[in-house]
Amino acid sequence: MKTDLFAHLKEWEEGNWTPDQGQAEASSLGPREEKEIKEPKKKIIRSLEKKELHISAVQYRVISVIVCLILSLVLIGTVNFLPGFADEDTPTTNEVYEHYIEEGRDQTGAVNTVAGMILDYRAFDTLGESFVLFTATVAVLLLLEYKKEGKKKREDGLDYRLDPIVYALAKFLIPIILVVGIYILFNGHLSPGGGFSGGAVLGGGFILYAMVFGEEKAVRVLSEKTVKIVSIASLSFYCLAKSYSFFTGNEFNGVHSVIGPGNPGDLLSGGLILPLNLAVGFVVCCTMYSFYMLFKRGRLD
Amino acid sequence: MEQFIAVVRILLLLSLIICAVATALSKRVMQALIIFTCYSLIMSVLWLLLRSPDLAITEAAVGAGVDGVLFFLTLRKLHLIDKDEEEAIPEEEEGVKDEN
């Protein structure tokens, strides 16, 4: 058997023999007989295919479980090697961290050290993040916007105005959500939160408004033009403000910036942190809102 | 008080794991979506216990609010939720329509 196989393989390689030789010529039967034979054959083939499918499905499941187990084991193993929570011997506990904690308040004027870090020491990271969001909006706009010609109303049977619970709750909650969002935005340098959180809360409030009171009403508050102008203006302002402080430097580089850190704890303090927080917040809010509108209607207006 | 917080933390972590597993295992898409929202909500409370309230605010707004709405809209567009209902009506008869 083995030698036979090897001989065949050699012949196959040379081109003198093919695996289906001797089988292809076996169908020299009459048309009627062929039919009679073919149909049960087909059934057998089908059942075989089903069996194979079943086997491959089982294999797929088994392999997926094994892969998941290996992946989770690797991840859990990695977590074991991480330093403990709030451990003092971690590599991140160095002079940079000490500098942020000790000097951050005096240098940036922000009581909330996190805001001082992300919007003063590392403001360029945040600029990149804002641009990621803007790029996401543009991508969704390109993918999901459909032309105005198909202006048929999409009746999806969802009208929350008819639902007394949702309507009453939304009427009560929307102003509170918006006010909380604005508070988080304006107090980003004083209390936890800041641009991203406040913007997300604001965007959530607008989405709730659009959901409950209808998109037509929401468009009157935040139209396409407003969304575009606000997000582009915020991003340009961020760029300009940060390049300004990049060129003029700041106190710890020896050159005094025009906008000082102010009196830490005041609302109007922290130099550029408050306006930058507002810019980031507006970008995030517009992104969230336009995501909703594009997913729901396919257009912003 | 510290003991109470420790107990609450353990309960939250347990329910976090339960929610994560239930999201993956639930057959109906709408169920999975609601459980996923619960997961985000629990996570936001956990962020608060880990002393990062800014992350808690973001998680509550994005994870529990905006994410859920976007998922809901996408699933509606793909008619996955409507199908769910049609299949579920003969089983449960009542109280299904309240979901949406």
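This is a predicted model: local features need pLDDT of at least 70, side-chain atom pairs count only at pLDDT 80 or more; totals for chains, interfaces and linings use all residues.
Biologist: Where in chain B does Arg51(B) lie, and what is its phi near?

Modeller: Look at the loop between helix 2 (29–49) and helix 3 (53–77) of chain B, and you'll find Arg51(B) there. Its phi is positive, although Arg51(B) isn't a glycine. The value is near 65 degrees.

Biologist: Moving on to helix 3 of chain B, how far apart are its end C-alpha atoms?

Modeller: Start with what to expect: helix 3 of chain B has 25 residues, and at 1.5 Å a residue it should span 36 Å. The model agrees with that, because the end C-alpha atoms are apart by 35 Å.

Biologist: Which residue is the kink in helix 3 of chain B centred on?

Modeller: Helix 3 of chain B does have a kink, of about 30 degrees. Just after this helix, His79(B) takes a positive phi of about 60 degrees. The kink itself, though, is centred on Asp67(B).

Biologist: What about the side of chain B that touches chain A: how many nonpolar residues does it have?

Modeller: First the contacts: 14 residues of chain B are in contact with 19 residues of chain A. Sort the chain B side by class and you get 4 polar and 2 charged residues. The nonpolar ones number 8.

Note on methods
Residues are numbered from 1 along each chain as its sequence is written. Chains are lettered from A and ligands numbered from 1 in the order in which they are written. Helices (H or I, at least four residues) and strands (E, at least two) are DSSP runs, numbered from the N terminus. Two residues are in contact if their C-beta atoms, placed from the backbone, lie within 7 Å. Ala, Val, Leu, Ile, Met, Phe, Trp, Tyr, Cys and Pro count as nonpolar, Asp, Glu, Lys and Arg as charged, and the others, Gly among them, as polar. The expected span of a helix is 1.5 Å times one less than its number of residues. The bend at a residue is the angle between axes fitted to the seven residues ending there and the seven starting there.
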